[in-house]
Amino acid sequence: MPGQSVGVVHSQRAHFAQPLALRSGGVLPAYDLVYETYGALNAAKSNAILVCHALSGHHHVAGHYADQPGNIGWWDNLIGPGRPLDTDRYFIVGVNNLGGCHGSTGPSTLNPASGKPWGADFPLVAVVDWVHAQARLADLLGIDAWAVVMGGSLGGMQALRWSVTYPERIRNAIVIAAAPKLSAQNIAFNDVARQAILTDPDFHGGHYYEHHTRPTRGLRLARMLGHITYLSDDQMGEKFGRELKNGSFTFDFDVEFEVESYLRYQGDKFAGIFDANTYLLMTKALDYFDPARMDDGDLTATMARSTANFLIASFTTDWRFTPARSKEIVAALLANGRNVSYAEIDLNFGHDSFLMADAHYHGVIDAWLRNITL
Amino acid sequence: MTPIMTTIQNRPDFDVIAGWIEPGHKVLDLGCGDGSLLKHLIDSRGVRGWGVEIDDANILAAIKNGINIIQGNLEKGLEVFADQAFDHVVLSRTLQTVRHTEGILLEMLRVGREAVVSFPNFAYWKNLRSVLDGRMPVSEDLPYQWYDSPNVRFFTLLDFEALCQQMGLIIRERSVLDEHGQTVDNDDERDLNFLGSLAVYRLTQQR
């Protein structure tokens, strides 16, 4: 992998005392956002890139913490000196979104009104709410307009939403492995994941913190299901095939096939660290995402609001958000005569491909970024 | 497949095409390679340009050239483009590589007001002589060996014009070039077919 990691990083916290009106009609009276920055903001404040996270992501996008060398940011392979998001050129910001479980205000943080964790009382947030909150963080950092807002999957949807909500505050957008809205099948998968959590006896209507327990069984199932949709059939076949853990059938329900072992491991790992309420909230934000709704479903009319230059990328083996879904966005931008490039990248890792360090994929991002005007 | 160099110097059809395009026009270049033609048109004619390419290396090269590039397969149509979205849709030295000849021509005139098509003429005398000598032609405009050629359709100027007539396409303008990029002028259509190595057409459709 060319370039270097950004090295030791630290997270910061900002408090926002101004109430935030939410898409749902609710109001968040005040909130905290945790974030990280890499590189330096230039004098013209024109080199800022906002990297938005996906369903299970957070603000720790790159580098590692001094006291946790193994805790490496989720998109570290893209960011650092000599990497596509070159910290010698750009000022990069990662933020944990509202409702998250990595430090920003969310269901697992204290509700000042009750002195107890918010739990189920935390309002459901939509992608547009995150964009408004991120805009306030930009204000705080002195950034009038982002050079780029970018992300993969749900992160890409935030970039898309930025371009139509604050067109004057975003000059370029990179939207990777995303869709302009979820399909019925996408929503169906999300609902099965939610049902796994909601029906877990340890869920306690979302107030499990008070019962000193967590719905880990449901969250584990939700993650296992999600994980299947992140990978490609081919990749699973290549990686696990029908390999048996102990070489022969045992005729019971213990782990037999390697793929079971992998999924259970991923489920356990995730259920140990992630918050179930946040998972519910993030999947709902995905389901609600549909910026064209404000234009009666006319995505072309919606993208007419945007003035940013776009790079759209999809992956051939992504069956969660297929290349066809990305092409819907491309078509809407083209119909408005916008500057847009589209790369359909042949990588075998399904939806998760967007996190991989592939030379062509990263080369495309690198080349595109080199031509933007700072 | 050996990639051909797409520098402006050895692409005389670029100048013909540039001459047909007005400043400020919206241009779509199909099979645009590294985006050289679009870059030329943007720099020399101030057009707004988009390209379509299937090949990863060309996608990267075009992005490096600062060109709007859409990855896609011409054989599958131009579904991401709206009707009459462009002033000109260019297919430069690519028609002979496309299997669905009629399909692509109709798609070009669906998304664009005008189609600009250039292709190597298989009836060029040197090509014919090569075949008479028993070997498939390899030339400036047909730079491939038969076994690694991307070309799947072999046709001549007159073949193309017959197809246009059959499809009801209107030939607005035509430019025929020899192997050195010089314009070939001849009143006899059959002689022209014999003397031209590369043909460039400007097409529209009755609406």
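With a relative accessibility of 2%, Glu114(B) counts as buried. The model is a predicted one. Arg202(B) has a relative accessible area of 13% and is therefore buried as well, since buried means under 20%. Glu114(B) and Arg202(B) form a salt bridge in which the closest N and O atoms are 2.5 Å apart. This pair links distant parts of the chain: Glu114(B) belongs to strand β5 (residues 112-120) of chain B and Arg202(B) to strand β7 (residues 198-205) of chain B, 88 residues apart.

The contact belongs to a wider arrangement. Glu114(B), Arg172(B), Glu173(B) and Arg202(B) are linked in a network of salt bridges.

## Salt bridges in chain A

Over all chains, the structure holds 25 salt bridges. One of them joins the side chains of Asp287(A) and Arg194(A), at 2.7 Å from N to O. The two residues come from distant parts of the chain, with Asp287(A) in helix α7 (residues 276-288) of chain A and Arg194(A) in helix α3 (residues 184-198) of chain A, 93 residues apart. Both Asp287(A) and Arg194(A) are buried.

A salt bridge also connects the side chains of Asp202(A) and Arg217(A), at 3.2 Å from N to O. Here Asp202(A) is in the loop between α3 and α4 (216-230) of chain A, while Arg217(A) is in helix α4 of chain A, and 15 residues separate them. Asp202(A) has a relative accessible area of 21% and is partly exposed. Arg217(A) is partly exposed too, with a relative accessible area of 47%.

## Aromatic pairs

The structure holds 26 aromatic pairs over all chains. Among them, Phe249(A) and Phe251(A) form an edge-to-face pair, 5.8 Å from centre to centre and with 90 degrees between the planes. Phe249(A) counts as partly exposed at 45% relative accessibility. Phe251(A) has a relative accessible area of 74% and is therefore exposed, as exposed means over 50%.

In chain B, Trp50(B) and Phe86(B) form an aromatic pair that is edge-to-face, with a distance of 5.8 Å between the centres and an angle of 65 degrees between the planes. The pair brings together distant parts of the chain: Trp50(B) lies in strand β2 (residues 48-53) of chain B and Phe86(B) in strand β4 (residues 86-92) of chain B, 36 residues apart.

## A negative patch on the surface

Which residues gather in a patch of negative charge on the surface? They are Asp185(B), Asp187(B), Asp188(B) and Asp191(B).

The relative accessible area of Asp187(B) is 81%, so the residue is exposed.

Terms used
Residues are numbered from 1 along each chain as its sequence is written. Chains are lettered from A and ligands numbered from 1 in the order in which they are written. This is a predicted model: local features need pLDDT of at least 70, side-chain atom pairs count only at pLDDT 80 or more; totals for chains, interfaces and linings use all residues. Side-chain values use heavy atoms; hydrogens and water are left out. Patches are made of residues with over 30% relative accessible area and no salt bridge: like charges are joined within 9 Å, nonpolar side chains (Val, Leu, Ile, Met, Phe, Trp, Tyr) within 5 Å. Accessible areas come from the Shrake-Rupley method with a 1.4 Å probe; for residues, only the protein chains shown count as cover. A salt bridge is a side-chain nitrogen of Lys or Arg within 4 Å of a carboxyl oxygen of Asp or Glu. Lys and Arg count as positive and Asp and Glu as negative; His and the chain ends are not counted. The place of a charge is taken as NZ of Lys, CZ of Arg, CG of Asp or CD of Glu. Buried means under 20% relative accessible area, exposed over 50%, partly exposed in between (1.4 Å probe, protein chains only). Rings of Phe, Tyr and Trp (its six-membered ring) pair if their centres lie within 6.5 Å; planes under 30 degrees apart count as stacked, over 60 as edge-to-face and the rest as tilted. Helices (H or I, at least four residues) and strands (E, at least two) are DSSP runs, numbered from the N terminus.
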